[in-house]
Structure formats: C-alpha cells, structure tokens
Amino acid sequence: MDVVLIGAGNVGTVLGRTFKQVGHAITAIWNRDSEKAKQLADELGTVAVEDLKELPQKADIFLLAVSDKSIQEVAHQLTITAGVLVHAAGAVSKEVLQGVSNDYGVIWPMKMIRSHMSSLGSSAIIIDANSASALQVIESLAESISRQVSRADDDKRLQMHLIAAITSNFTNHLYHLASDYAKEKEIDFSLFYPLIEGVIAQIKVQDPEKAQAGPAFRGDRVTIEKHRSLLADEPVLLKIYDEMTQSILHKFGHQ
Ligand SMILES: NC(=O)c1ccc[n+]([C@@H]2O[C@H](COP(=O)([O-])OP(=O)(O)OC[C@H]3O[C@@H](n4cnc5c(N)ncnc54)[C@H](OP(=O)(O)O)[C@@H]3O)[C@@H](O)[C@H]2O)c1
C-alpha cells in the first residue's frame, strides 16, 4: 500500500519503519518540525514536505500520527482526493476526521511506543472505520503488521483506552515507584522480575481475582501496619499503598 505519514513523533516513526519493513511504500512525510520529517524521510528513503499542501492528494492510507489535541486541526488542513484518512488515538473519536476524506477511521496500536523502537513488534491493533470500504483497507494494513486486529467503535475504544491506562501505564508507574524505593534502600530490583513475570503468567490462565495474594488479600492488618510504618517518610507511596490496600480488603470481604 502507499502510505502518507503526517507526524514523525513516536508513532509516526515506529509505524513508518514497520510499514516499510513489511513492504508498504511511504510516499511522503510531513511533521510540524520539518527537521524531524527530513530525518525520518532519509531513514525511510522517501521525501519530506514542509507544507501540508505539498503532500500527495492520493494514497491508500493517510496516517495522522500527531498529538490527540491537534488531530482535528491538522486533519482539516489536508486536501485528500482519494484514500483513507486514519488517526492513531485510543481516546479520540473517528468523527473528528469527518469532512476531510470520504473514507476515514482509526488504527490504534495498543502499545507504549517510543521512537527508539526498531519496529512495532507484538501488539494488538484496534481499528474502526466510517464505511465498509475504508474498513477493508484499514484491516488489511493492520493485519500486515499485527496478528491481533479487532474492531471497536469510539465508545468501546475509549473504554479499552481506560483499561490500557490502568493495566499498562499505572502498573509501570508502580514499578517506577517501587524501583526508586529499592534503589534508595540498596535492594536489587531485578530480584523482583520473576515475581512480576509470575503475575502476568497467572492472569493469562485464570481470572486476576484468582491470582491475588498478599497481606490485604489475607486481611493481615499486622503486616499492613508494618509496611505503613516503613512509608512514614514516603507520603506519595503511602497514599497509593493505602488506596490499594483498601480496594483489596474491600474486594475480598475484609471490611
Ligand atoms: N506513543 C504511544 O505509546 C502511543 C500508542 C498508541 C497511540 N498513540 C497515539 O498516536 C498519536 C501520536 O502520538 P505520539 O506518541 O507519536 O506523539 P509524540 O511522539 O508526542 O509526537 C507528537 C506529534 O504531534 C505533533 N504535534 C503536536 N502538536 C501539534 C500541532 N499543534 N500541530 C501539528 N503537529 C503537532 C508533533 O510535532 P513536532 O515534532 O513538531 O512537535 C509530533 O509529530 C496520538 O494520537 C497518540 O494518542 C500513541
């Protein structure tokens, strides 16, 4: 397929690389900071344009990979005569693209993407479209880079985005806080990798409810108070510890 990339941030860069690797042609790139567009165009062997109006007006896909709040504004500066316009956001309605192209939709890779990644790798991709013909093109593009492609409308995708934030962004933040605490106490954080991996292995084969363990799960208030006393000088961690503990106590009937 011919793909026009609009945006050379994390997603534009990594999806651009991935599309090229599987045989699609990136026909042009635009980015607000034109230096970044040039760099990515050099890497992908294509052209960078400085003005949105210089982009090709026809392509199979126009991928709008700009920040959520600028999607609508950038989209409405495009001139598309043929092709499917997609954005990559989990939490933005596809309807912000209405009126720019007859065919439009969404290709949301459900993954934390950083521009240093050489390709997308394993990732579910959630798609949507305003028409059967647009859906066919988007589905075919998504299936060329992912084995897990599902369709969800705007409401369902937003719910998925919330679940992704909790399961990925929030858990990583907890790892971040725990790793800072481990550093401060001179404890090797890599000792905890098998524990972390064990939870992921468990929730793939049974409901997360069945995988729960720990003092709050057992209603062990003595150990909870010992933990809390360690956090006397860590107000942020103590607040999170208390919220999590209350939630687990409540779920397992200890209140
Ligand atoms: N990163 C992820 O993990 C991830 C995963 C799935 C989906 N997404 C979605 O992918 C899209 C892009 O995210 P990203 O992580 O690639 O963002 P990013 O790395 O922060 O890059 C933001 C891009 O938006 C451009 N931009 C920002 N404000 C603009 C404006 N007012 N006018 C024109 N361009 C503007 C930036 O241009 P400059 O370079 O000139 O600043 C840059 O190209 C978003 O819709 C996001 O929700 C991201």
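# Report on a predicted protein model

At 76% relative accessibility, Glu186 counts as exposed, because the threshold for that class is over 50%. Glu186 is found in the loop that joins helix H5 (154-184) to helix H6 (193-205). The phi angle of Glu186 is near 55°, a positive value in a residue other than glycine. Most residues other than glycine have a negative phi. The structure described here is a predicted model.

**Overall features**

The protein contains 10 helices and 8 strands. Its C-alpha atoms fill a box of roughly 70 × 35 × 30 Å, taken along the principal axes. Of the 255 residues of the protein, 38% count as buried. Among contacts between residues at least 6 apart in sequence, 53% join residues at least 24 apart. The protein carries 25 positive and 32 negative side chains, and the centres of these two sets lie 3 Å apart.

**The sheet and its helices**

The 8 strands of an open sheet follow the order E3-E2-E1-E4-E5-E6-E7-E8, and their pairing is mixed. Strand E3 (48-49) and strand E8 (148-151) are the edge strands, each pairing on one side only.

Strand E7 (residues 124-129) pairs with E8 in the parallel sense over 4 bridges. Within this pairing, Ala124 has Gln148 of E8 as its bridge partner, and Ile126 has Ser150 of E8. E6 and E7, by contrast, pair in the antiparallel sense over 6 bridges. Here the bridge partner of Gly105 is Ala129 in E7.

In E7, 6 of the 6 residues are buried, so the strand is largely enclosed by the rest of the structure. Both faces of E7 are covered: Ala124, Ile126 and Asp128 are buried on one side, and Ile125, Ile127 and Ala129 are buried on the other. In a regular strand the side chains alternate between the two faces of the sheet.

Helix H1 (residues 10-21) lies across strand E1 (2-6), strand E2 (25-30), strand E4 (58-64) and strand E6 (103-110), and runs at about 165° to E1. Helix H4 (residues 132-143) also packs on the sheet, where it touches E1, E4, strand E5 (82-87), E6, E7 and E8. The direction of H4 makes about 165° with that of E7.

**Two buried residues**

Ile26 is placed in strand E2, whereas Ala88 lies in the loop between E5 and E6. Both fall under the 20% limit and therefore count as buried. The table gives their relative accessibility.

| Residue | Relative accessibility |
|---|---|
| Ile26 | 9% relative accessibility, buried |
| Ala88 | 15% relative accessibility, buried |

Not counting residues up to four places away in sequence, Ile26 touches Val3, Leu5, Gly16, Phe19, Leu44 and Thr46. Ile26 and Asp2 are 24 residues apart in sequence and 6.0 Å apart in space, C-alpha to C-alpha.

Leaving aside neighbours within four places in sequence, Ala88 is in contact with Val11, Leu63, Leu64, Ile107, Trp108 and Pro109. Ala88 and Pro235 are 147 residues apart in sequence, and their C-alpha atoms are 37 Å apart in space.

Key: Residues numbered from 1 in each chain as written. Predicted model: local features only at pLDDT ≥ 70, side-chain atom pairs only at ≥ 80, totals over all residues. Heavy atoms only, no water. Buried < 20%, exposed > 50% of the residue type's maximum accessible area, 1.4 Å probe, protein only. Contact = heavy atoms within 4.5 Å. Lys, Arg positive; Asp, Glu negative; His and termini not counted. Charge placed at Lys NZ, Arg CZ, Asp CG, Glu CD. Pairing = 2+ DSSP bridges. Axes fitted to C-alpha atoms, helices over the stretch in contact; angles between N-to-C directions.
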